[in-house]
Structure formats: C-alpha cells, structure tokens
Amino acid sequence: MASTSSFVQLAKSLPEPLQRFFARWPPASLVAPGTPPTAFQEQRPNPFRFYKHPVTGRWQDPVYSQRRQAQLVKLAREHGVEELLPETTKGTEYRLAHRVEHGLRVKGTGVGQKVKGHIHERHMIAKMEQRRKAMLDMPKLIRAWKSTCHDIYLCSLRISHLLLSMESMAVSSPTHYDVLNLTPSVLNSQHDPSTLIKQAYRRALLRHHPDKASASTTPSVSSSSSSTSSSLYTIDQITKAFTVLSSPSQRSTYDAALRLSRANGGATTQARFQTGIENVDLDDLQFDEAEGRWYRSCRCGNERGYSFDEEDLEGVEQEGVLMVGCHDCSLWLKVHFAVAEEVGEAGDGQTSISNEKDLS
C-alpha cells in the first residue's frame, strides 16, 4: 500500500496534461493484475501509433500528433516519468538508437558545422573575407593595370589614331567645290570668279537634274549608271554651294573651316564631335624646357591633360589654330597662335611662333 500511495502522490504532482494522459492510458507497470482496461485503451491501445480500423480496414491517424507527442515527452522527461509513456518516435531512447543506427543525417550538425541562421548570415563571414583580400590586393592590381600602359599620353595617341582610322573609313560628304566641279586654285586664279561660278552652277543643274540624269543613262551600260546615280547631287546642295562660293566673305570663311577640318580630322568635312572646347593663347600655357612641350592642367584633375610640342604646331601653321584633346577626358583646348618670320643679322629668314587670339 505504501508503494500505491507514493504513486498517487507522484501523479498529483504532475502537470495536468500528464495527469489526464495517465488517467486515460494508465501504465501497465503501475496497474494491478486483473484490472480491466479503460474505454480509451479499448479504442486505441497506443495513442502514439497509427491504428487500423477492424471493420473498415482503413488506417487512422494517432490520437496525439507528432507535436503533442513531443510536448508530452518533454514534460515527462522534466518530471522523471518518461519511461511510463508508451513507445513513441519522440522518445529519448528511440532517438538515440536511431542516431546510433543511421548516424548524423542532417547536413551541418557535425563537428565544427552550423545550421542556424539565414543563408545570407551563414555566407557573410566568407564574403567579408573576400572583400578584405580584395582591398589588400588593390595596390597590386593598380600597379599591374598601370604596367600595361606606361605612358598615358601614348595611350591617348593610340586612341586618337584609332578614331582617325575609323573616320577615314566612313563615307565623306562632298564639299561645295565637288558639287560645282571646281577647285580653289582655279577660282583664286580668276580676277572675277563670279562668271565661272555661274557657268559651273548651270552646268551642275543640267548634269544632276533627275530627268537629264535618267535620259543620259542607257540600259546597256549598267556599271556607268550605278556610278552616275551614286554621284548625283540634289538641287539644295547645288544651290547651297553656289550661294557660298559666290560670296567672297562666305567663301573665305568656308575655306578656313575646310582647311581646319582637314587638318584635324582627315579629308572629311563633317565636323567631329568635341565637347568642352576652351579658347586660349599659346603664351598662356606653361612650357617644359626639358621635354620641349607646352602643357596645361585639365578640369578632370590631370595636371598635364593638354600637352603638345612644336611639331604639332608646325602641322597646322597655316590655320593658326591647334585642337588639343585631354588625355583622360573628352574636353578639348583650342590654342591660337601665329607664325612670324624674323630676319636675323645675316639676313636669313627664321620662323617663330607667337600667340594670336582669334576674335571671331
């Protein structure tokens, strides 16, 4: 009787979920022999297992779900009565035996592994280590990049030569002299070139008229027809050429622009796209006597962004204007100068370069 009373005192000290469970499914080790089973035991001998109905033959879910089984096992383990519960997959003995038999099946539960945290949290340490190595290797990377191009000026020259070669491959637009089939030397040799320009204007209208051009081409000569159609000019082009060349002031301005365009960008008359053009005098620039070059700082931060020598000036001495591009950015510098002849003591002529501000 002493043992029975101790079991009754122990049952009263248990939480209510455990008291209710043991009242419905009393442990076999505590029940006296010959005690009839309860109504719950008659319906479901083990509430933790699936049950096959004897009449329908269908399997039914356990009375206690996996979550409720885990809660009961936890409460029973805390109060020291876990061995009184029926056999369940949430029990400590079953889980230890399963781990011994199958080993660690969950990735990351081994020695030195972690499974908790989001994926970005687990990868954060590795990413920070990669960033730290990248910051430490940055000076080496910069030196390697600079070694591929020792002189920034040489790189800019390569890029400029590439742009010039691309422009030479492009189709050039005809000049006003090409439209009227004239040359500047012929017009300069005439005392009054207006008559010659009018004759060339009328001849161009007749030659490039759509009806005249279609009548002049014959079906038998296919190659000549293709070349004629490709060299036809519109009425607007002919009229524009006649207007510009007939006016002395407009023709002189056009000739200067044509020479400047050919000096800077080859034989094409299309103006190159240049941003941030600044006009300066040659005397305003600093001169490096050791290298024999003029230079000036640029807004991009390069102390010698604009740099050129006397050979660059000699190439455009007739125009008196030199276009210099920055080595690091897309800004341009328009340098104005003039070539003056100086007579020495012996009478021989020497040329010198001086500045001349373009007021146009």
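**Entry 1: a facing pair.** I began with aspartate 288, which stands opposite arginine 293 in strand 5. This is a predicted model, so I kept that in mind for every entry. Next I checked how strand 4 and strand 5 (residues 293–296) are joined: I found three bridges, and the two run antiparallel.

Entry 2: A reminder to myself: strands of a sheet pair through backbone hydrogen bonds.

**Entry 3: cysteines.** How many disulfides does the structure hold? I got zero. I wanted to see why cysteine 300 makes none, and its closest cysteine sulfur is in cysteine 326, at 3.7 Å. A disulfide needs the two sulfur atoms within 2.5 Å, so this pair is too far apart for a bond. Is cysteine 298 buried or exposed? Cysteine 298 is buried, with a relative accessible area of 9%. Cysteine 300 is partly exposed, at 40%.

**Entry 4: the whole chain.** Stepping back, I noted 16 helices and nine strands in the protein chain. Of its 360 residues, 23% are buried. The accessible surface comes to about 26000 Å², and carbon and sulfur atoms account for 55% of that. I also looked at contacts between residues at least 6 apart in sequence: 43% of them join residues at least 24 apart.

Entry 5: The mean pLDDT of the protein chain is 76, and 71% of the residues reach 70 or more. Where is confidence lowest, and where is it highest? The lowest is helix 13 (residues 222–230), at a mean of 41, while strand 2 (residues 59–60) is the highest, at 94. I flagged two further stretches for myself. Over residues 343–351 pLDDT stays under 50, and the model has nine contacts there beyond four places in sequence. Over residues 354–360 pLDDT also stays under 50, with 17 such contacts in the model. I will read the contacts of both stretches with that pLDDT in mind.

Conventions:
Residues numbered from 1 in each chain as written. Predicted model: local features only at pLDDT ≥ 70, side-chain atom pairs only at ≥ 80, totals over all residues. Heavy atoms only, no water. Helix = DSSP H or I, 4+ residues; strand = E, 2+ residues; numbered from the N terminus. Buried < 20%, exposed > 50% of the residue type's maximum accessible area, 1.4 Å probe, protein only. Contact = heavy atoms within 4.5 Å. Areas by Shrake-Rupley, 256 points an atom, 1.4 Å probe, with all protein chains shown as cover. Pairing = 2+ DSSP bridges. pLDDT = per-residue confidence, 0-100.
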